[in-house]
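User: Could you take a look at this one with me? I have a few quick questions.

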Amino acid sequence: MFRIPFFTLIICIALTLITSSFSSAENAEAIPSPLKFVNQTCADCHSGATPDGGLDIKSLDVSLDNPKSLTNWTRINDSEPAGEIPPKDAEPLPEENRQRFVDATHSWMQGYQEAKFREVGRVQGRRLTNLQLERTLQDLTGIDIPLAIEMPVEPKTAEFRTYSENQTMSHFHLEQHLKIVDLALDEMFRRVLNADDDKWKREMTAKEIARNRERCREPEYVNNQAVIWSSRLEFYGRMPETEAKESGWYRLQFQVQALKKPEDHGVWCSVRMGEGVSSAPLLSWGGSFEAHNEPKVVSMDIWLPFSHLIEIRPNDRTLKQARFEGGQAANGEGDAQDLPGIGIDWLSLERIHTGPTQDDIRKRIFSGVDFKTVTGKDFRGRSIEKTAMTSEKPKEAIRRIIAKFADSAFRRKVSTQEVQPYIDFSLAAFE
């Protein structure tokens, strides 16, 4: 398969045409005129241990399927129209020879390009990147969970992840893609069948988020505030009361003010999330803010995985840093060192969704279906209330829902013949 970055494709194709008609340079009669031309006119300067411009004519590969050879021929092909061949201080070329070289090179490269287009297409097929797959599934299903973090990190080519020649699609990738699709569908059905659409909010006082023991890394309780001082102590400012019972998007709000701030600026702070323990040291970024003497309310939407908690702390390394003995902070220990900090008056966490509402998802995908609260059994046999989809004509509803979803998934109108196997499968499972 032809593999060359797009920005060198046009030039490389032309060069490959010059050499694609032979497999060896040993037979001088078989070498096309462009190759003979550069050997005769350019080898004096572009050869040896230190060739001009790093281009060694003598080492040119006649197989233009070789990316390095293709790149070198591209440089040569571009240099002539730009007036760089020959250099200004060299003897000029006869116009007839120069034009023959330009015409032969152009014809050769154009022919190679057209041949490759016929072989692999003008644009090579490629798979969706992790982010593209995430956003496609979010658009189709209406969910908002960050699916890309569940997939392996993709390699980059020239700082991009979309070069088709370096996009692999192994059995492992296919397995991961199917796993993510299942995750998206599971979340979609959980959303539409959830009675309250994850409505939840908790408001906490400063005393509730402060420490409940003498030496630890949580904020200390001072003057009705949860106080965190400027320090390099790891996980200092963590708040166990904010630990997520379910993974999800949360709206974090709190009222904060600076304590002993510098004269010329406020106290710059960070909000991070993680498990907050040494066995899981990584913390993800939530946001930043600058605290001043006047209290202000800070609000941000964060993704908080299950069992992760929130850490809020001064994070300006130019400030004076507290020294805490034994890797834990004690009440009053930071205040005694006369350094900047912050005081939090209250904090609230509210479960939210950043995409469509539950009602929007139901209308988008399950239009014409009723959602009713029914009584069922949990895995222990206890009676519970749950939401169920109902229809007076369920088979017709299944056909309509699948056909509509297929149109969205395929990004076009899907024929009855194409969608029928999916309908048959669903009807068989329904019965």
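This is a predicted model: local features need pLDDT of at least 70, side-chain atom pairs count only at pLDDT 80 or more; totals for chains, interfaces and linings use all residues.

User: Ok, at what angle do H5 and H8 pack?
Analyst: Helix H5, which covers residues 130-141, packs with helix H8, residues 358-365, at an angle of about 85°, and their axes are 9 Å apart. Angles from 65 to 115 degrees count as roughly perpendicular, and H5 and H8 are therefore roughly perpendicular to each other.

User: And which residues meet there?
Analyst: From H5 there are Gln-138, Asp-139, Leu-140 and Thr-141, and these meet Ile-361, Arg-364 and Ile-365 of H8. By type, the residues of this contact between H5 and H8 divide into three nonpolar, two polar and two charged.

User: Switching to the surface, which residues make the nonpolar patch of about 290 Å²?
Analyst: That nonpolar surface patch is made by Met-169, Leu-174 and Leu-178, and Leu-178 has its place in helix H6, which spans residues 171-193.

User: How many salt bridges in the whole structure?
Analyst: A search of the whole structure finds 19 salt bridges, and one of interest here is formed by Lys-116 with Glu-119.

User: How far apart are the closest N and O atoms in that one?
Analyst: The closest N and O atoms of Lys-116 and Glu-119 are 3.2 Å apart. Because Lys-116 and Glu-119 are three residues apart in helix H4, residues 95-120, about one helical turn separates them.

Note on methods: Residues are numbered from 1 along each chain as its sequence is written. Side-chain values use heavy atoms; hydrogens and water are left out. Axes are lines fitted to C-alpha atoms, for helices over the stretch in contact, and angles run from 0 to 180 degrees between N-to-C directions. Helices (H or I, at least four residues) and strands (E, at least two) are DSSP runs, numbered from the N terminus. Angles under 35 degrees count as roughly parallel, over 145 as roughly antiparallel, 65 to 115 as roughly perpendicular and the rest as oblique. Contact means heavy atoms within 4.5 Å. Ala, Val, Leu, Ile, Met, Phe, Trp, Tyr, Cys and Pro count as nonpolar, Asp, Glu, Lys and Arg as charged, and the others, Gly among them, as polar. Patches are made of residues with over 30% relative accessible area and no salt bridge: like charges are joined within 9 Å, nonpolar side chains (Val, Leu, Ile, Met, Phe, Trp, Tyr) within 5 Å. Accessible areas come from the Shrake-Rupley method with a 1.4 Å probe; for residues, only the protein chains shown count as cover. A salt bridge is a side-chain nitrogen of Lys or Arg within 4 Å of a carboxyl oxygen of Asp or Glu.
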